[in-house]
Amino acid sequence: MECCNKRRMMKESPESNFMNRRGSSCFPDEVLERVIGMLKSRKDRSSVSLVCKEWYNAERWSRRNVFIGNCYSVSPEILTRRFPNIRSVTLKGKPRFSDFNLVPANWGADIHFWLVVFAEKYPFLEELRLKRMTVTDESLKFLARSFPNFKAISLQNCDGFSTDGLAAIAADCKNLTELDIQENVIDDKNDNWLTCFPESFTSLEVLNFSILHNDVNFDALEKLVTRCKSLKTLKLNKSITLEQLQRLLFRAPQLCELGTGSFSQELTTQQYTELEGAFSNCKNLNTLSGLWVVTPQYLPVLYPACANLTFLNFSYAPLDSDDIAKLLVHCANIRRLWVVDTIEDKGLEAVGTHCPLLEELRVFPADPFAEGDARGVTDSGFIAVSQGCRNLHYVLYFCRHMTNAAVATVVQNCPDFTHFRLCIMNPGQPDYRTSEPMDEAFGAVVKTCSKLQRLAISGLLTDLTFEYIGKYAKNLETLSVAFAGSSDWGMQCVLEGCPKLRKLEIRDCPFGNAALLSGLEKYESMRSLWMSDCKVTMNGCRLLAKEMPRLNVEVIKEDGSDDSQAERVYVYRSVAGPRRDAPPFVLTL
Amino acid sequence: MEPSIYQSELNLEATELRLGLPGRTNNKRSSPEDRSMSISISKNSSVDSSGPSNATDHDDDDDDHQNSVQPAKVQVVGWPPVRSFRRNSMQQQKQKKDEHNNNNGDGSAMYVKVSMAGAPYLRKIDLNIYNSYSQLLNALQNLFKCSFGEYSEREGYNGSEYAPTYEDKDGDWMLVGDVPWDMFTCSCKRLRIVKGSEAKGLASL
């Protein structure tokens, strides 16, 4: 075992010389490492590493993948020192609110200096999964050159690169199995990056380029799909037509996950039949997404493939209630459903009727900024789903108004929620029937759903909501708050009451220094805290930074703003000390 | 860093509808990388038309126990929390749909009155949910429990008990089925189901 030999030569610490080892453990190190090596769960590995020095070492040597939830909580040097044998790295960068334009450009989270260290310490790196990081073309080119065994790259919500970077990956990563580009800000320069996969390249299993805007070289794509017999996941962009889709499906009937191109084109009867046949042929399809622009008359071609679907992502396909209802009749096995609110309550009733196994529902708004009599989904649709889908444990629901009673009914029907994200789109919107705050709604959620891990609240909310959360939400790990609360007391309740809290993100709430400082003891046990447009001042932040030296307390300053206010505060624990790459508008206190 | 769009481009600070609680002074909204988010102020229904007013002057008779955040429809940065890619994608599709609808008539629903000789009440149907004459006629026959029989260009609905007619934009009463479907939906103002004998007169013209 190569890694064991390496270890014997490199081990220097006095506690683990030969005599001591024999004395304190009856397992040879290889066995211990083998056993611990089988642990997959991060939490288990963490616990194991705390037992004793031998176990700590066995764990760190046997670790193959590492997950870093905040790229600034640790440095690549510290990481590589502790874990010498990593094959797969997952890194998350910017605070989540950067998705909503609350973090300025050039804030940081650049992958490059990580890659430089990895090139030296992890030359056998195989997988890189990044979320909310800045990735340049130069970094992608460097990656493609530096890791001969590289297999899988997944970029979600990243920015800074273009299709040139993809071309480099395609050309140089000979063993690539996965190229997954999701929801990034990408400069789509040309259509030729697909041609960069060499003719001899056949190992691809996952290809997702659904976010690209421009046409791709279809010829190159078809050839690629034809020769990659192990392709399981193919997610196309909207430039791919139905006719092209049919040709691809003909080449790859083994697909398990499909993201279609646009679902609207004038088809002849023959083409329609061929397309229908192509879908019937895909016996392994469990995930369907895409559609983009839909001609509803063509949806029936999907019906033959629907029976085995477990995940239907129509969140980019604004269907109406009739179309979705007709489709869902065939989708009895659906576990996860993402839709646009154009399906309205009637569509949700169909969900409740036809999809009893549903576990996750996400309803996105077609028109978030619509004024006046905009339609969408309401409380009755929410109730309808909860009545039919008793296994529901994950919901993301965008609506224009809600009632306390409806939410109470929903959680009574589905008490097993682990993720409850309700977004009432008008800030500060009260219960539209009673005009009361929505406190009781979220009170019902936390009282009934004891397994709740993630909660996002909205609507008109007073401190009472936070009292409820602090009192009942004992398993809560992530809380997102916007336009809510009455005073510092609210935030204090949460900080004092939720023992498992890891991520707290707050915007536009009346929480000030007292609230911020009440969490002094708490923040080191959390991943991060975000507060923007609250009432926190620079002095409050300075005090926090002074009292807690192992926290990074960062304030994002805007030009021309009041010097004493801290508009955007990001607090996180770190073993790497203050950032060395902070731009001028990020003040580390 | 780009200055807040609010302040520099629109210069609306003086008349700003704000979402903060009363007493909050600096309610800066800056959107440094926001290319696609539009910031606009929409009027609350109770505000008079002379312009947007400060939220605290709101006249609503809500028995709001606190002066908590008024549900004013101001668009703020990053709210609702929908990612740019999704927003842009939906926006593009909405535009396409609007274009499509504008080519086909007025917006997403086109209700017309339907009367029937001898019936005490009129009905209303949405022409846009049908794609062809056969769909429309089936619906009408179901709605009024009548039958039209076969349409022929020469004879109209000759031989049937009832026939469908419509009033066009010029105010003339026409037999349903003569013109292409799209042209019909654009020009039909209302429908009337007449007795076969009345329609005979139309068909033989």
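Strand β18 (residues 478-482) of chain A runs parallel to β19(A), and 5 bridges join the two; strands count as paired if DSSP finds at least two bridges between them. The model is predicted, so that local features need pLDDT of at least 70 and side-chain atom pairs count only at pLDDT 80 or more, whereas totals for chains, interfaces and linings use all residues. Residues are numbered from 1 along each chain as its sequence is written, chains are lettered from A and ligands numbered from 1 in the order in which they are written, and side-chain values use heavy atoms, with hydrogens and water left out.

Strands (E, at least two residues) and helices (H or I, at least four) are DSSP runs numbered from the N terminus. Strand β19 of chain A spans residues 503-507, of which 4 of 5 are buried, that is, under 20% relative accessible area with a 1.4 Å probe and protein chains only. Within β19(A), A:Ile506 is the bridge partner of A:Val481. β19(A) also pairs in the parallel sense with strand β20 (residues 528-532) of chain A, over 5 bridges; there A:Glu505 has A:Trp530 as its bridge partner.

Helix α20 (residues 488-497) of chain A forms a right-handed β-α-β unit with β18(A) and β19(A): with the strands pointing away from the viewer, the path from the first strand over the helix to the second runs clockwise. Helix α21 (residues 513-518) of chain A forms a right-handed unit with β19(A) and β20(A).

Chain B averages a pLDDT of 66, on the predictor's per-residue confidence scale from 0 to 100. Over its residues 21-72 pLDDT stays under 50. Where pLDDT is low, the predicted coordinates should not be read in detail.

Notes. Contact means heavy atoms within 4.5 Å. Buried means under 20% relative accessible area, exposed over 50%, partly exposed in between (1.4 Å probe, protein chains only).
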